Amino acid sequence: MTEHDIKEIKALLIAPKHIVIVPHKNPDGDAMGSTLGLYHYLTKNNHTATVIAPNDYPDFLKWLPGQDKVIIYESDRTKAESLIESADLIFTLDFNALHRAGEMETPLDNSKAIKIMIDHHQQPDIYAKYMFSDVSMSSTCEMVYRFIDMLEDTDAIDSQIATCLYAGILTDTGSFRFPSSTSTTHLVAADLIDKGADHSEIYNSIYDTNSYERLQLLGVALKNLKIIPEYRTAYITLSQEELNAANFRKGDTEGFVNYGLSIKNIIFAAIFIEHKQEGIIKISLRSEGDFSVNEFSRQNFSGGGHTNAAGGKSDLSLNDTVEKFISILPRYKNTLNS
Ligand code: 5GP
Ligand code: MN
């Protein structure tokens, strides 16, 4: 994003606008935190802003300030499409390709609104007039803070905005432990705390609100965990049957994949989760160091993401997906052992 872009965006935002803000499908903490943080900022500046999420998001985010105003595209298509059609501006946050908005791709693509992307995923598509894309950023929430900073308006950040942005930084950095959290990330977090984010309460709201069933499901996942030491790889499977038995709710498996990485000498972890209704296996991949799960997912599982965290999917059965996964590991033997 150039200084010239910022100048033009500032000019656009002088008069009240109709604005739609969109996170990716299956929104996570960063997607919801960044869209809601920006929503509060724009609303405060007299714009009419609406967050439209492609589908529902996990219960552990259903306390974020303003989340009750979010429109879910899947359950409110008519309203969502009319808002998209009449929007002057559309912000797309925390994703790098329109298809990541699921079925919202078509209305977004058809819309004549000026699009602004704020995102930190690798290899972004060029669909937005203004692109603030930076893969070195810890989170889209950190980028929204920096975006407001570029507009020379961080004084406008109040406790609602600060709470939303802090929540997304916290979740996307794995509580500040991933290499993507820099000293600047901490300075941004510190300023958000000064502006009213209650770091302890935010942590509790996200991480200390487990259901008993979720912990039982974690037990099943850990029992299913397998390791392949020669490839320094660990993987977990969860079948639809296992999910049903634990009364699965959206978001329940968030973070499970990281347990693989917590094993000594393991640098590559995967989780394969069966989604019978969609007919796919949803895959989450994590790595430590230089092994790029973004590349691995792009090459083998029609997905992508970041170097150390990516997602993908498979149309094969759960067993066949795992077999495919194991069968391609030898191709990566050198990188996994370097
Ligand atoms: P997760 O495994 O937690 O779903 O996702 C890890 C990271 O990869 C997130 O930044 C997420 O946005 C991204 N990601 C997840 N699934 C996909 C996918 O199918 N395609 C792409 N390009 N990125 C994905
Ligand atoms: Mn993110």
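**Around strand β2 in the DDH span**

Let's begin with a right-handed β-α-β unit, made by β1, helix α2 (residues 29-44) and β2; right-handed means that, with the strands pointing away from the viewer, the path from the first strand over the helix to the second runs clockwise. Helices (H or I, at least four residues) and strands (E, at least two) are DSSP runs, numbered from the N terminus. This is a predicted model, where local features need pLDDT of at least 70, side-chain atom pairs count only at pLDDT 80 or more, and totals for chains, interfaces and linings use all residues. Residues are numbered from 1 along each chain as its sequence is written, while chains are lettered from A and ligands numbered from 1 in the order in which they are written.

UniProt, in an unreviewed entry, puts "domain: DDH" at residues 18-169; its positions follow the numbering used here, feature names are shortened, and annotations may be inferred rather than shown by experiment. That span is 35% helix and 18% strand, with its end C-alpha atoms 27 Å apart.

Strands pair if DSSP finds at least two bridges between them. β2 runs parallel to β1 (residues 18-22), joined by four bridges, and Ile19 sits opposite Ala49. Two bridges link β2 to β3 (residues 71-72), also parallel, with Ala53 partnering Ile72.

Finally, Asp28 sits in the loop between β1 and α2. Asp28 counts as partly exposed because it has 18 C-beta neighbours inside 10 Å.

Definitions and conventions. A residue is buried if 20 or more other C-beta atoms lie within 10 Å of its own, exposed if 12 or fewer, and partly exposed in between; C-beta atoms are placed from the backbone.
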